[in-house]
Amino acid sequence: MMRFSTLTMLLGLFVISTPCFAGESDWSQWRGPDRNGIAEASQNVPLKWGENENILWKATVPGRGHGSPIVVGDCVYLATAERDRQARSLLCLHRNTGKQVWLADVHVGKETPYKNEKGSDASSTPAYDGERLFINFLHDDAMYTSAVSLEGEILWQTKVCDYKVHQAFGSSPTVYDSLVIVIGDNKLGGAVAGLNRETGEIVWKQERPKFPNYASPVIFDVNGTPQLLLTGCELVSGLNPLSGEKIWEFEGATTECVTTTPLYQDLMFTTGGYPKNHVAAVKCDGSGKVVWENGTRVYVPSMLVKEGVLYGVTDAGVAVCWTCETGQELWKGRLGGTFSSSPVMIGDKIHVTNEEGKTYIFNTNPQKFELLSENQLANECFATPVICGDRIYTRLATITDGNRQESLYCIGKK
């Protein structure tokens, strides 16, 4: 079900006539086109901004959501949820102006609401395959994946598994070959599945243990073999992304994981926060070998890898740098506040925003911690920013006298 205004219809016609094909300056899914949180390098992304500095546009977002936007062609897409309407929706904004193109209700009624105060009913990030959009939502005590056209039409909806909320849900879909791959770990058991992108038919499905877990599926090429890498539910797993067949699996990680693992050569990096804090480097060869491990709490923000160096930001606001191969700590740097948003890398700079809306930018220098700037917008942030071309797209909220209003900001040099 869609809600249109005259302006929405006109902009929608414009979008229909200019298809949103993914390009080099696009960000088509969670953690970006290469699934690693790294943006295409640009020298024109600003280091400084504020409410009255380097804001190209600011768009009002209805309801609440903690999922990141994706940016494709002339459009920005993001998930949101409105409690008063019991609606979980996809919102399309024009990339150059921030004007609403359409709002498509994916589910209405039969909510399965989050319980953790840092959660939302729309914490999943959409994915784009060149023709359609994919999004995960909870609905009627189950996890569903839906495909939506670039005009906001619901193409198909597939129930992946029953779902019992422990804290919240936020796992995002990822596109691979002819499939969209999704996971719905939860106390009832859940599943990881590969769905046909055109029809929503479940091509393969693997049952999962009965534990709450929040990580998104990620696919990397490991020594020439594509592997779907999973963490959490007290397992570390490598699957064939086309068939779901287990290449290897062993007990490891911890029960509850949130982060999306990065890769260095044949090492994947797992992190968790319950029942134990850990950061670990694990061989992706089925040996079960944990190359190194420490007790740092990097529970929610995902990590980054560059040139053999692993960069992380702890939930408590400390930037840390380790060598990928040995886990040697190279430096620590105090930021400030608490972090739920994940860092994003562009060139030799890392951007990360705390829960109060302050963004820190620091260098990817393995020799020492170098803080380059601090920038404040709004006063609440749980969503990870996206950097495309010369612009930053970031989802923030302003709370005034108890009233909360979300906005999507487009940051760039004027």
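This briefing describes aromatic ring pairs in a predicted model. Residues are numbered from 1 along each chain as its sequence is written, and side-chain values use heavy atoms, with hydrogens and water left out. Because the model is predicted, local features need pLDDT of at least 70 and side-chain atom pairs count only at pLDDT 80 or more, while totals for chains, interfaces and linings use all residues. The structure holds 12 aromatic pairs, where rings of Phe, Tyr and Trp (its six-membered ring) pair if their centres lie within 6.5 Å, and planes under 30 degrees apart count as stacked, over 60 as edge-to-face and the rest as tilted.

**Phe-134 and Trp-156**

- The ring centres of Phe-134 and Trp-156 are 6.0 Å apart and their planes stand at 45°, so this pair is tilted.
- Phe-134 belongs to strand S9 (residues 133-139) and Trp-156 to strand S11 (residues 154-162), so that the pair links distant parts of the chain, 22 residues apart; strands are DSSP runs (E, at least two residues), numbered from the N terminus.
- Phe-134 is buried at a relative accessible area of 0%, and Trp-156 is also buried at 8% (buried means under 20%, exposed over 50%, partly exposed in between, with a 1.4 Å probe and protein chains only).

**Trp-331 and Phe-369**

- Trp-331 and Phe-369 form a tilted pair, with 5.3 Å from centre to centre and 50° between the planes.
- Trp-331 lies in strand S27 (residues 329-334), whereas Phe-369 lies in the loop between strand S30 (358-363) and strand S31 (371-376), so the pair ties together parts that are 38 residues apart in sequence.
- Trp-331 is buried at 6% relative accessibility, while Phe-369 is partly exposed at 23%.
- Ring pairs join Trp-331 and Phe-369 with Tyr-311 and Phe-362 in a cluster.

Notes. Helices (H or I, at least four residues) and strands (E, at least two) are DSSP runs, numbered from the N terminus.
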